[in-house]
Amino acid sequence: DMTLSVYVEGTATIDFYLDGQQVHSDSMEPYAWQLDDVSPGWHQVRAEYVKPDGTTAYAQADIFVLTV
């Protein structure tokens with residue numbers, strides 16, 4: 001299993017995406033999403049939130065999932 005976590009100062013709602021589709025939303029610290037049942041191969045993960053000024057902040061990465 002893999003867990004993605006995000007640190008944000010203050011209160012926020014973090015939306016997590018897998019391959020462009022929202023799969024989880026977290027509004028309580030620690031902001032995290034555990035990747036369960038993700039198929040093997042390449043995937044794009046993304047975490048984003050709307051900042052108080054209305055702009056969107058995000059981080060994304062490409063990951064490769066193996067099964068053992």
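Guide: Buried means under 20% relative accessible area, exposed means over 50%, and partly exposed lies in between. The model is predicted.

Visitor: Is Asp 19 buried, exposed or partly exposed?
Guide: Asp 19 sits in the loop between β2 and β3. Its phi is near 55 degrees, a positive value in a residue other than glycine. The relative accessible area of Asp 19 is 42%, so Asp 19 is partly exposed.

Visitor: Is Asp 37 buried or exposed?
Guide: Asp 37 lies in the loop between β4 and β5. Asp 37 is not a glycine, yet its phi is positive, about 55 degrees. Its relative accessibility is 82%, so Asp 37 counts as exposed.

Visitor: Which side chain makes a polar contact with that of Glu 48?
Guide: Glu 48 belongs to strand β5. It counts as buried because its relative accessibility is 17%. Beyond four places in sequence, Glu 48 touches residues including Thr 13, Ile 14 and Tyr 58. The polar contact spans 3.4 Å, and the partner is Tyr 17.

Visitor: Which elements give two or more residues to the largest nonpolar core?
Guide: That core has 15 residues, and those with the most contacts inside it are Ile 14, Trp 33, Leu 35 and Val 45. The elements giving two or more residues are β2, β4, β5 and β6.

Visitor: What is the omega of the peptide bond from Glu 29 to Pro 30?
Guide: Pro 30 is in the loop between β3 and β4. The bond from Glu 29 to Pro 30 is cis, with omega near -5 degrees.

Methods
Residues numbered from 1 in each chain as written. Predicted model: local features only at pLDDT ≥ 70, side-chain atom pairs only at ≥ 80, totals over all residues. Heavy atoms only, no water. Core = buried A, V, L, I, M, F, W, Y, C linked by side-chain atoms within 4.5 Å. Buried < 20%, exposed > 50% of the residue type's maximum accessible area, 1.4 Å probe, protein only. Helix = DSSP H or I, 4+ residues; strand = E, 2+ residues; numbered from the N terminus. Polar contact = N/O pair within 3.5 Å; in protein donor to acceptor, adjacent residues only side chain to side chain. Contact = heavy atoms within 4.5 Å.
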